[in-house]
Amino acid sequence: MPEPEVAGRVFGDGLDRAAEFVDMLERSGVERGLIGPREVERLWDRHLLNSAVVGERIDAGVRVIDVGSGAGFPGVPLAIARPDLDVVLVEPMARRADWLNEVVETLELDVTVERGRAEEKVLRKRVGLADVVTSRAVAPLARLAGWCLPLVREGGMMLAVKGASARDEVARDATAVARVGGGVPTVSECGVGVLETPTTVVRVERSVRRPRRAG
Ligand SMILES: C[S@@+](CC[C@H](N)C(=O)[O-])C[C@H]1O[C@@H](n2cnc3c(N)ncnc32)[C@H](O)[C@@H]1O
């Protein structure tokens, strides 16, 4: 499928790799049940570009853990568009983790794949902490915060790609997010002026715990 004009702006030197990822998804992603057949015609807009623009909220050179990557979103497009990032993909399903390993190998990405659930102690120990924990379509905000914030270093943040429900989720779950160590969630759009439909992202900082005073 030919790439849209903005793809060059978003992926820069990574454009060929992005096109190869689209090719893999078209050829075997559908066949192996990683994406639905109806997604093929919107791979660039709804999946690759929509994921890569989240990089607008991520500082240079930081460590990123993508929770529940599935077929690779948003972690793979982010890693392609931003080779300065140190990206880890977390995915519990063997079939999907195998696919992600194949993608990383074929595209020669400097990305690690870890199989497991984000809330598992062993997984947490294995992946360590990140400056930023991303996710897309993994769980409602309260549950997601309970899974992602323990993987965020103090002062770092989680960025959850959400759809039209973002503001309602924030209103509903802000108290639950605070209970698991999150700051006040904020909603913003990435890819404004680049994408026809910008990506809605919920950002939650991990609060810095103040040391208890003696006496
Ligand atoms: C609806 S899919 C979304 C996949 C991808 N993020 C996307 O936007 O295309 C949800 C993914 O989250 C994964 N997942 C579910 N529970 C999880 C958990 N506790 N920790 C990590 N990943 C999880 C699932 O295996 C699945 O791949």
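Is Cys148 buried or exposed? Cys148 counts as buried, because its relative accessibility is 0%. Buried means under 20% relative accessible area, exposed over 50%, partly exposed in between (1.4 Å probe, protein chains only).

## Model and conventions

This is a predicted model: local features need pLDDT of at least 70, side-chain atom pairs count only at pLDDT 80 or more, and totals for chains, interfaces and linings use all residues. Residues are numbered from 1 along each chain as its sequence is written, and side-chain values use heavy atoms, with hydrogens and water left out.

## Cysteines

The whole structure was searched for disulfides (pairs of cysteine sulfur atoms within 2.5 Å). The search finds 0. Cys148 is in no disulfide. Its nearest cysteine sulfur belongs to Cys190, 16 Å away. Cys190 is likewise in no disulfide, with the sulfur of Cys148 as the nearest, at 16 Å. Cys190 counts as buried because its relative accessibility is 0%.

## Ligand shell

## Polar contacts and burial

Polar contacts pair N or O atoms within 3.5 Å. A backbone N or O atom of Phe73 sits 2.7 Å from a ligand nitrogen. A side-chain N or O atom of Glu119 is 2.8 Å from a ligand nitrogen. For Arg117, a polar side-chain atom lies 3.3 Å from a ligand nitrogen.

Taken alone, the ligand exposes 590 Å², and the protein buries 80% of that. These areas come from the Shrake-Rupley method with a 1.4 Å probe.

How values were computed. Polar contact = N/O pair within 3.5 Å; in protein donor to acceptor, adjacent residues only side chain to side chain.
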